[in-house]
Amino acid sequence: MYKLCIEISLMLGRCTMEYTELDALSNLNSLSLLSMRGWLYVCPIILPLLNGCEHFTTMPPRLQSGGLPPSTAVGRLPALGWNTWNAHRCAISEDRVLGAAQAFVGLGLREAGYEYVNIDDCWALLDRDPITNEQVPDPLRFPNGIKALADRIHSMGLKIGIYSDAGSKTCEGYPGSLGYEDVDAATWESWGIDYLKYDNCNVPENWTDTSVPQGDWYNSNSSIRFRAMGTAIAKNDPPMQFSLCIWGEAHVWTWGARVGHSWRMSGDSSPTWKYIKSIMSINVEHLSSVDFFAHNDMDMMEIGNGNLTTQEQRTHFAVWAFMKSPILLGTDLAALSFEQVKIITNAELLAFHQDHTVGKPALPFGSPTIATVNPPQFYSGRSVKGIHVFIVNTNDNSTTFKIDFADVPGLKSTTVFLHDMWTSKDLGTFSGSHNITLTAHDTAAFLVTSI
């Protein structure tokens, strides 16, 4: 009966599984355990289901009311690592991933706190295993499999991430995980995967959002799709950091922390000043959502790519750091210059980003003497060391900025001691205000201590 049912379903055409009240249907293997009487009940359900049957959209009860929250064993602080996509797109391989891991060690990135070496799209074959329904690593790209690669990366004191999609296929057409959450979570656990980037391509029409259900985006189809995977991986060992690559859709900043550890705030990044300004403008509106275990993701870094100036790369890194976005490098690490490595390993900016006592990011502040622009240029935030001020020159020309210490939130005095976070040098004592001249698109970063 099992074989007959599958053969008939194949005649009906290949399709994407949808959820039914039979939660076990997310793993076809388990159906072989059914009795003849069981198949008389299941066959009429599974055949249209396997043919794309869009009227079967009821979620299992465990997700109708919520789902398991993300692991608290990981994800308290924004992730630090590297991802294959910006550098290599689909031209990925075991050697390139291992090369990035080795660069973590050789360039001092591991010592600086970087730990995740993440594989993006295109790692799998185009079809799942016909017996187990598991995603299958491409043997040409990963001849030793993902588990062997994970073991080698773990042996370097690093962690490994994988990629999938909350749709029928990934963005590049490889098997998505919608309907296969439990199968894929178990597969990744068996490989020792530590991080999941979960994309949002190829979503069946009946799983898209047309309105705000019950007045809460947490009840949206988008949220439910991501919650399904979050629940599947919530108890994996090793624990998995869960990155929702949802492009800022479905008001994800309002519910993302109940489902994962970080969530993308826009479409894909590009190595341009236009993108850096654009994502700053988007993210600054939602910084109140950021805290421990909750991070707005401004997308992967572009340092080392394109034609960004040194000043733009400094701003790129500083803004991701003080807004506490995940920082996932996205370039050929072996090609980074000495100056670029200095930027991405700046100890004081990374310390602010990874502060264990303050989860909140730096926030914009203003005064009658500060011009109102979008994105804002003045930010302040706290760390275990005290109060920090960041100034971003979004102008296209060299500009002199004046910091009036009376405007800085939390300062107890207008006489302060300034410390430059980029150079780790003390600048001295200043009273009332301080002027700083920044070249176009550069950023200043200070530790400001009241006297």
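User: How many helices and strands does the protein chain have, and what percentage of the 451 residues is buried?
Analyst: In this predicted model, the secondary structure of the protein chain comprises 13 helices and 16 strands. Counting as buried any residue under 20% relative accessible area, the share among the 451 residues is 57%.

User: What share of the contacts with a separation of 6 or more is made by residues 24 or more positions apart?
Analyst: The contacts considered here are those in the protein chain with a separation of 6 or more. Within that set, residues 24 or more positions apart account for 73%.

User: What part of the accessible surface of the protein chain belongs to carbon and sulfur atoms?
Analyst: The accessible surface of the protein chain amounts to about 18,300 Å². Of this area, the part that belongs to carbon and sulfur atoms is 53%.

User: Which helix supplies the largest share of the lining of the second largest pocket?
Analyst: The second largest pocket holds about 180 Å³ of space, and its lining includes R314, E339, K342, I343, W422 and S424. Two helices, helix 12 (338-344) and helix 13 (347-353), each supply at least two residues of that lining. The largest share, three residues, comes from helix 12.

User: How many charged residues are in the lining of the second largest pocket?
Analyst: Sorted by class, this lining contains four nonpolar and three polar residues. The number of charged residues in the lining of the second largest pocket is four.

User: Which residues line the largest cavity, and how much space lies in it?
Analyst: There are four cavities of 30 Å³ or more. The largest cavity is lined by N83, Y195, K197, S243, C245, R264, D297, D299, M300 and L328, a set that divides by class into four nonpolar, two polar and four charged residues. The space in the largest cavity is about 70 Å³.

User: Which residue in strand 15 stands opposite T399?
Analyst: Strand 12 (residues 399-404) and strand 15 run antiparallel and are joined by six bridges. In this pairing, the residue of strand 15 opposite T399 is L438.

User: Why does H295 count as buried?
Analyst: H295 is located in strand 7 (residues 295-297). Leaving aside residues up to four places away in sequence, H295 touches a set that includes G75, R76, L77, P78, H261, W263 and K324. H295 counts as buried because its relative accessible area is 2%.

User: Which residues of helix 7 are buried?
Analyst: The cover over the buried residues of helix 7 (residues 145-155) includes helix 5, strand 2 (116-118), strand 3 (159-165) and helix 8 (181-191). Just after helix 7, G157 takes a positive phi of about 80°. Within helix 7, the buried residues are G145, I146, L149, A150 and I153.

User: Is R89, with its positive phi, buried or partly exposed?
Analyst: Although R89 is not a glycine, it has a positive phi of about 50°. R89 lies in the loop between helix 4 (85-88) and helix 5 (94-106). Because its relative accessibility is 41%, R89 counts as partly exposed.

User: Is Q214 buried or exposed?
Analyst: Q214, which is not a glycine, has a positive phi of about 55° and is placed in the loop between strand 4 (195-199) and helix 9. Because its relative accessible area is 72%, Q214 is exposed.

Technical notes. Residues numbered from 1 in each chain as written. Predicted model: local features only at pLDDT ≥ 70, side-chain atom pairs only at ≥ 80, totals over all residues. Heavy atoms only, no water. Helix = DSSP H or I, 4+ residues; strand = E, 2+ residues; numbered from the N terminus. Buried < 20%, exposed > 50% of the residue type's maximum accessible area, 1.4 Å probe, protein only. Contact = heavy atoms within 4.5 Å. Areas by Shrake-Rupley, 256 points an atom, 1.4 Å probe, with all protein chains shown as cover. 1 Å grid on protein atoms, 1.4 Å probe; cavity = no way out; pocket = protein on both sides within 12 Å on 5 of 7 lines; lining within 4 Å. Points joined across faces, edges and corners; volume = space filled by probe spheres on them. Nonpolar A, V, L, I, M, F, W, Y, C, P; charged D, E, K, R; others polar. Pairing = 2+ DSSP bridges.
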